[in-house]
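The following note sets out numbered remarks on the structure shown below.

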Amino acid sequence: LTNAQFMQWYEEINSGNRFPALESFGHVSKVPDSALAEFRNAEGGFTLFPSGQRQYYCLPGIGIWELNGLPISKGLDLCDEPFGPELAADTDSGSLTTSVFSVTHQQVDGVGQKILGAKTASGGAEKAIGPTLPASGKTLNLTIFAIPEYQGGVVPKTIAGRRAKVEGWTVGAFDSAKIVGSALGARPGIHLSVFKQSSNGANTFLGSAAETPKGNDQMRLGRANFSTTRKLNMAGTWVVYIAASGIEVGLSPNAQGWAVVIGGSLLALFAFIAILLVSRESRRAMGLATETTGQLEHQALHDSLTGLPNRVLILDRVEQALTKARRHHLPIAVLIIDLDGFKDINDAAGHMVGDQLLGAVASRLSSAVRESDTVGRIGADEFVVLADESSLEGGPELVAERILDILKEPFVLSDAPGKPSYPILASIGIAVGARPSAFELLRDADVALSQAKQEGTHGYVIFRPEMQEAVRSKVRLEFDLRGALGRREFFLVYQPVLELGTERVVGVEALLRWRHPARGVIPPDEFIPALESSGMILDVGRWVLEEATKSAAGLERMGIDLSVSVNVSGRQLDNDGLLDDVRRSLRRGGLEPSKLTLEITETTLMSDAQATAQRLATLKKLGINVSVDDFGTGYSSFAYLRQFPVDSLKLDRSFVSEILSSDDSGALVRTLVQLGKSLGLKTVAEGIETREQLMSLQMEQCEFGQGFLFAKPLEIDELVAFMKRWTSVTTATHFE
């Protein structure tokens with residue numbers, strides 16, 4: 001990534017508001033001395049701090065690098081004290097680690113940041129850490145999270161291997177006081193202090209928060225009638241001290257200590273304190289604490305709708321199963337099940353029916369697997385099955401087929417009016433075999449699920465390693481696409497459309513292209529699906545409309561009178577803003593509505609026939625034309641076509657390419673042309689490449705066509721030159 005791309009992502013996810021305690025976040029690169037000059041040039045130059053030559057350096061790369069609102073130098077070598085030992089320990093652990101520091105901005109021999117090493121977990125000495133000016137004099141307690149990154153994305157099994165293969169770290173630095181201070185909220189009479197405990201038992205103060213009530217219940221920590229100290233283990237050891245005053249709980253010290261430890265997290269700890277605040281009797285406090293502890297634990301680990309384990313509990317169970325599988329060399333598999341078409345049922349029948357259906361699916365899935373297996377819900381309509389060795393005796397395929405069979409039987413919902421039945425089809429992604437982590441096993445199953453849905457067979461796919469590279473490529477592509485419109489990387493080409501009887505050019509089809517800065521021009525079938533799936537097609541489609549109408553109007557002013565056709569995706573057609581987009585494009589471009597045709601694929605047209613017909617009727621009132629693209633590949637019928645306000649049918653290029661070699665294709669072209677004539681619609685043939693194909697289409701009385709026989713898609717300047725060469729061109733209106 002470039003830093004500009006990182007900043008765009010950082011802003012898009014609204015990090016500043018979502019994570020107000022975040023000070024710095026980004027990637028720290030391990031840079032060998034031999035690569036230092038190249039890294040320095042790539043970062044725009046910096047002064048190395050501290051100076052001097054070393055075997056390698058740990059330097060901030062892409063990211064947000066600030067402390068106390070002042071920038072951190074890109075030349076700050078984090079391998080040096082005091083951060084170096086923490087990164088080294090992080091590398092050796094191979095997992096997320098935490099550390100705490102106290103940083104003050106003050107002048108130290110012309111240097112603007114100083115680490116107060118006496119307060120760090122490692123107990124280092126005071127030390128300047130960077131040439132950032134000016135100094136603010138403010139002290140900041142930091143909690144730093146670091147995750148090591150290794151070559152190939154795999155954590156080596158030995159410490160020596162991890163030290164040799166580490167490439168860098170993802171690092172986040174948070175304002176400790178803000179984290180701790182936001183934990184309590186408005187909790188009168190409560191004091192909270194948090195410390196990070198190092199391996200030698202030393203406690204480093206992280207921050208504290210207190211809410212002091214008014215009146216006679218002033219906080220007096222020395223005389224608090226409730227206090228406790230507990231250790232929590234979460235990516236390190238944390239010591240939490242809590243005291244309360246003005247709360248008549250009457251619990252013994254042992255009972256207090258037992259009641260406080262209600263989970264393994266600060267969230268549960270704070271929830272317990274809230275219970276104490278609303279309780280005025282010791283028995284009621286103890287009862288509520290016990291009851292709510294169980295509720296909190298269950299809610300934290302189970303899906304509220306189906307009662308199945310949620311993603312958190314599933315990850316834990318998969319991790320345990322992986323440990324067992326590795327130790328005893330046992331098979332393991334994860335199956336992710338996606339309910340195809342559930343969204344349509346949910347939208348049509350309502351969320352109440354949708355919730356009942358999800359509950360019924362959960363029950364069936366639980367009955368389809370063995371007791372030793374785990375069924376969970378990890379998304380809106382996504383479920384997961386963790387299958388152990390006993391279920392895999394016949395292979396994971398047998399488990400998947402059993403699940404598909406049990407879901408095929410229509411679901412009858414007794415609570416729904418009329419007791420309707422709903423058939424459910426599903427797609428399943430399967431990952432088999434041990435992985436380094438539960439996350440990776442679930443990730444691979446999800447990749448296989450995407451492949452299964454792409455194949456559209458309502459079946460299952462088992463993960464193969466090459467699928468992962470396809471996913472990485474897709475992610476890279478989508479990330480690059482996000483800035484392509486703003487960087488003006490998209491452009492349009494125009495393919496001429498001819499009247500086949502006279503071979504006059506009467507129109508053009510506008511086609512979107514993407515000129516990637518590194519890969520060159522990327523084929524539309526590679527990036528347009530990504531635009532549609534991500535929703536970016538709305539903005540890009542709006543730009544295409546405006547650019548195409550502006551170009552057609554510009555040609556008209558040059559004396560080249562052509563209509564223009566623009567493809568519209570299903571996502572655009574479903575969007576309420578399409579009507580305004582078309583109206584605005586015509587007005588800004590200065591093009592007559594009759595010169596614009598919107599092309600909609602047959603599949604899109606039929607996905608929601610009634611709603612589509614209404615939307616097209618509204619668009620037709622503007623005076624534009626509508627064409628059905630790729631006609632003949634879907635499932636339109638004569639009766640269906642009559643209800644749509646369309647003007648022309650575009651015959652799919654696959655029929656044209658085989659019109660001479662296949663009797664079936666020739667007969668189909670003849671049928672489609674006659675169908676168009678019977679409905680009063682014009683017909684357009686795509687993909688004409690030979691004179692023989694043209695003559696055959698002329699004999700079938702197909703009226704219009706386009707293809708490489710006449711011209712490839714042309715940029716606007718090339719189109720102007722082409723029109724000047726085409727001797728038979730005359731002034732024409734749309735498809736007349």
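**Review note**

1. Glu 503 is found in the loop between strand 21 and strand 22; helices (H or I, at least four residues) and strands (E, at least two) are DSSP runs, numbered from the N terminus. Although Glu 503 is not a glycine, its phi is positive, at about 60°. Glu 503 is partly exposed, with a relative accessible area of 22%; buried means under 20% relative accessible area, exposed over 50%, and partly exposed in between (1.4 Å probe, protein chains only).

2. On provenance, this is a predicted model, in which local features need pLDDT of at least 70, side-chain atom pairs count only at pLDDT 80 or more, and totals for chains, interfaces and linings use all residues. Residues are numbered from 1 along each chain as its sequence is written, and side-chain values use heavy atoms, with hydrogens and water left out.

3. The protein has 26 helices and 29 strands. Of its 736 residues, 48% are buried. Among contacts (heavy atoms within 4.5 Å) between residues at least 6 apart in sequence, 65% join residues at least 24 apart.

4. Two further backbone features deserve a remark. Most residues other than glycine have a negative phi, and most peptide bonds are trans. His 329 is not a glycine, yet its phi is positive, at about 55°. His 329 lies in the loop between helix 10 (311-328) and strand 14 (333-340) and is exposed, with a relative accessible area of 72%. The peptide bond between Phe 49 and Pro 50 is cis, with omega about -5°; Pro 50 belongs to the loop between helix 3 (36-42) and strand 2.

5. Strand 1 (residues 22-32) has pairing to report with two strands; two strands pair if DSSP finds at least two bridges between them. With strand 9 (residues 166-175), strand 1 forms an antiparallel pair over seven bridges, in which Val 28 has Trp 169 of strand 9 as its bridge partner. Strand 1 also runs antiparallel to strand 2 (residues 56-64), again with seven bridges; here Lys 30 is partnered by Cys 58 of strand 2.

6. The second largest pocket has a volume of about 830 Å³. Of the 36 residues lining this pocket, Glu 509, Leu 511, Ile 528, Asn 567 and Asp 629 are the closest to its centre. On a 1 Å grid over the protein atoms alone, a pocket is an open set of points where a 1.4 Å probe fits, with protein on both sides within 12 Å along at least five of seven lines; lining residues have an atom within 4 Å of a point. Grid points are joined across faces, edges and corners, and the volume is the space filled by probe spheres set on the points.

7. The lining of the second largest pocket comprises 15 nonpolar, 11 polar and 10 charged residues. Ala, Val, Leu, Ile, Met, Phe, Trp, Tyr, Cys and Pro count as nonpolar, Asp, Glu, Lys and Arg as charged, and the others, Gly among them, as polar. Elements that each supply at least two lining residues include strand 21 (490-499), strand 22 (504-516), helix 17 (537-557) and strand 26 (625-631). Helix 16 provides the largest share of the lining, six residues.

8. Which residues of helix 16 are buried? They are Phe 527, Ala 530 and Leu 531. Seen down the axis of helix 16, the buried residues fall within an arc of 105°, so they line one face of the helix; the arc is that of the directions from the helix axis to the C-beta atoms. These buried residues pack against helix 15 (465-484), strand 21, strand 22, strand 23 (520-522) and helix 17. Gly 535, with a positive phi near 90°, follows helix 16.

9. Strand 27 (residues 648-651) pairs in the parallel sense with strand 26 over three bridges and with strand 28 over four. Phe 631 has Leu 651 of strand 27 as its bridge partner, and Lys 650 has Val 684 of strand 28. From strand 27, Ser 648 and Lys 650 point one way and Leu 649 and Leu 651 the other, and all are buried.

10. Thr 683 sits in strand 28 (residues 682-685) and is buried, with a relative accessible area of 1%. Leaving out residues up to four places away in sequence, Thr 683 touches Leu 649, Leu 672, Val 673, Gly 676, Cys 702, Glu 703 and Phe 704. Strand 28 is also part of what covers the buried residues of helix 25.
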